[in-house]
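Student: I would like to learn how to read a protein structure. Could we go through one together?

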Amino acid sequence: MPVPLAPYPTPPAPFTSPPANGSQSQLVCSGCRNLLLYPVGATSVCCAVCNVVTAVPPPGTEMAQLVCGGCHTLLMYIRGATSVQCSCCHTVNLALEANQVAHVNCGNCRMLLMYQYGARIVKCAVCNFVTSIGASTSTTEQKLHN
């Protein structure tokens, strides 16, 4: 008995490189957190890894990024938001503008720490040492900002 032949598969679409005029943008997949590239004007993007469809913010929306304090995942959010909840670990992260933060070196391991202006102490995420913010650290802060 003859075996029916399957139809020839359609050839894959040829790869086209992104346009050189910069008409692509990027966002983070709401499913697997991979960085996705998409053409400007798209309203949503389907991730090739996890197949989750992520909505694209409206044109002209300024986006910002931060790293989650709980799981270290890159988070993207609309600039101006005061807090961002991580979709992976559900940690609520404080979203600060550059002019609302200061820096100090950890008093134990010397790791550069970022903290909100007005904080009196900062706990290092690496060694858990608590560094006091005050007269003793003001020279360190001045050195970092100059």
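Predicted model: local features only at pLDDT ≥ 70, side-chain atom pairs only at ≥ 80, totals over all residues.

Student: How many disulfides are found in the whole structure?

Tutor: A disulfide needs two cysteine sulfur atoms within 2.5 Å. A search of the whole structure gives 0 disulfides. For Cys-50, the nearest cysteine sulfur belongs to Cys-29 and is 3.5 Å away. Cys-86 is likewise in no disulfide. The nearest cysteine sulfur to Cys-86 is that of Cys-71, at 3.7 Å.

Student: Is Cys-86 buried or exposed?

Tutor: Buried means under 20% relative accessible area. Cys-86 is at 1%, so it counts as buried.

Student: Now charged residues. How many salt bridges does the count come to?

Tutor: The general idea is that side chains of opposite charge can pair when their charged atoms come close. Here the count comes to 1 salt bridge. The side chains of Arg-79 and Glu-62 form it, with 3.4 Å from N to O.

Student: Where in the chain do Arg-79 and Glu-62 lie?

Tutor: They are 17 residues apart, and the pair links distant parts of the chain. Arg-79 is in the loop between strand 6 (74–78) and strand 7 (83–85). Glu-62 is in the loop between strand 4 (53–55) and strand 5 (63–67).

Student: What makes up the largest nonpolar core?

Tutor: For such a core, look for buried residues of nonpolar kinds joined through side-chain atoms. The largest one has 9 residues in all: Leu-27, Val-28, Cys-29, Leu-36, Tyr-38, Val-45, Cys-47, Val-56 and Met-76. Strand 1 (24–28) and strand 2 (35–39) each supply at least two residues of this core.

Student: Which residues does Cys-47 touch?

Tutor: Leaving out residues up to four places away in sequence, Cys-47 touches Cys-29, Cys-32, Leu-36 and Val-52. Cys-29 and Leu-36 are also listed in the core.

Student: One more residue, then. Where does Thr-73 lie, and is Thr-73 buried or exposed?

Tutor: Thr-73 is in the loop between strand 5 and strand 6. Its relative accessible area is 15%, so Thr-73 is buried. With residues up to four places away in sequence left out, Thr-73 touches Arg-33, Leu-66, Val-67, Cys-68 and Cys-88.

Methods:
Residues numbered from 1 in each chain as written. Heavy atoms only, no water. Buried < 20%, exposed > 50% of the residue type's maximum accessible area, 1.4 Å probe, protein only. Salt bridge = Lys/Arg side-chain N within 4 Å of Asp/Glu carboxyl O. Helix = DSSP H or I, 4+ residues; strand = E, 2+ residues; numbered from the N terminus. Contact = heavy atoms within 4.5 Å. Core = buried A, V, L, I, M, F, W, Y, C linked by side-chain atoms within 4.5 Å.
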